[in-house]
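Here is a short report on a protein model.

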2 protein chains.
Amino acid sequence: MPDFAEPLARLINEFKRLPGIGQKSAQRLAFHVLRVSREDAEHLAQSIVDVKDKLGLCTLCNNISDSDLCPFCRDSARDPKVVCVVEEPLGIIGIETTRQFEGRYHVLHGALSPLRGVGPESLRIKGLVERIGQGEIQEVIIATNPTVEGEATAVYLARLLKPLGVKVTRIGMGIPVGSDLEFSDEVTISKAMEGRREM
Amino acid sequence: MPDFAEPLARLINEFKRLPGIGQKSAQRLAFHVLRVSREDAEHLAQSIVDVKDKLGLCTLCNNISDSDLCPFCRDSARDPKVVCVVEEPLGIIGIETTRQFEGRYHVLHGALSPLRGVGPESLRIKGLVERIGQGEIQEVIIATNPTVEGEATAVYLARLLKPLGVKVTRIGMGIPVGSDLEFSDEVTISKAMEGRREM
């Protein structure tokens, strides 16, 4: 590794710790920071500290929030009878982009992964059971990722929640829209076959 | 755009202003910052401000430096007779990775681009002319990028510097090592043909 001045080397290392940022991207980002005004650099630095200081989790659904309840839990226009369970807050963003779901959310903050030591007690499942216990929820849509971990979590949740008298559904899996059978893997295709619907 | 809590939305926007970071990457980075410890977030923020406060330009070659002279200009083992001219400090890093160049550098901080209003007076050319005027430099290797702007800069510099009695050379252009003729564009191939060498 060639010589960078120390503060620059340190910033490059800090950027490299971010997800998806390798050596070259980190260098490009660091040199970009060098080029912008001190004011712009301060805004970026302040924003980074602010998200740690000013944000917490929604006390109901565990979404990221700057107040007790997140905007989705506060919004009385949203249907409290349907709850969509996602692994991470970013999952909510994905579903919101469709503008079709009008229920509430529940964020687990992870997925079951015995190999990495993530058991049910590490996920925020207890709050979900409590919410169901209050009697208003009729359907729980499990929108964990279609991965080994997400599937295991879905199966676990279905077994746990069905006895509580709610309908438990799983989001559909199959060929992504705009894609091609030719480029889809066998597991996805077999899920697409399983999930076929009459036309 | 779905609702993010304000500090989160602000951080996502700040990240989006960085080069090569789009909406999705910015979201992923911001959520990563949310997940790390406050201490780690502070380190990142502090590093960003530090590069603005602690770094300046080498008074000789304009490379990024935390002291008057950058490590390359300070290093008396490096050959002061050969100067390699690059557009940006990152160009130096690229050349240093080869471990084959043992001369000095000169950073222009840009390339000629009349369309974007970047004329010769916007580049750090004057210092280069002064360095040549001191009589020690024998060869100037122009390592600006093989783009329209970089080429225009190279041509401009060659015309300016040759009359000063130095040898002016341009880095070779051609098919990148490990690549394939099939996937190379016509301009690159024609440069490769022009730059052919006897075996």
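## A sheet and a two-fold axis

In chain B, strand E5 (residues 139-142) is joined to E6(B) by four bridges, and the two run parallel. Within this pair, B:Ile141 stands opposite B:Thr169 of E6(B). Keep in mind that this is a predicted model.

Now take in the whole sheet. Four strands of chain B make up an open sheet, in the order E4-E3-E5-E6. Their pairing is parallel. Which strands lie at the edges? They are strand E4 (103-107) and strand E6 (167-170) of chain B, and each pairs on one side only. From one strand to the next, the twist averages 25°.

| Helix (chain B) | Residues | Strands touched (chain B) | Angle with the direction of E4(B) |
|---|---|---|---|
| H5 | residues 89-96 | E3 (79-86) and E4 | about 155° |
| H6 | residues 126-133 | E3, E4 and E5 | about 150° |

Next, compare the chains. How can chain A be laid on chain B? A turn of 179° and a shift of 0.1 Å along the axis do it, with an RMSD of 0.2 Å. This is the relation of a two-fold axis. Within chain A, A:Ala45 has the C-alpha nearest the axis, 2.0 Å from it.

Notes:
Residues are numbered from 1 along each chain as its sequence is written. Chains are lettered from A and ligands numbered from 1 in the order in which they are written. This is a predicted model: local features need pLDDT of at least 70, side-chain atom pairs count only at pLDDT 80 or more; totals for chains, interfaces and linings use all residues. Side-chain values use heavy atoms; hydrogens and water are left out. Copies are superposed by least squares on the C-alpha atoms of residues with pLDDT of at least 70 in both. Two strands pair if DSSP finds at least two bridges between them. Axes are lines fitted to C-alpha atoms, for helices over the stretch in contact, and angles run from 0 to 180 degrees between N-to-C directions. Contact means heavy atoms within 4.5 Å.
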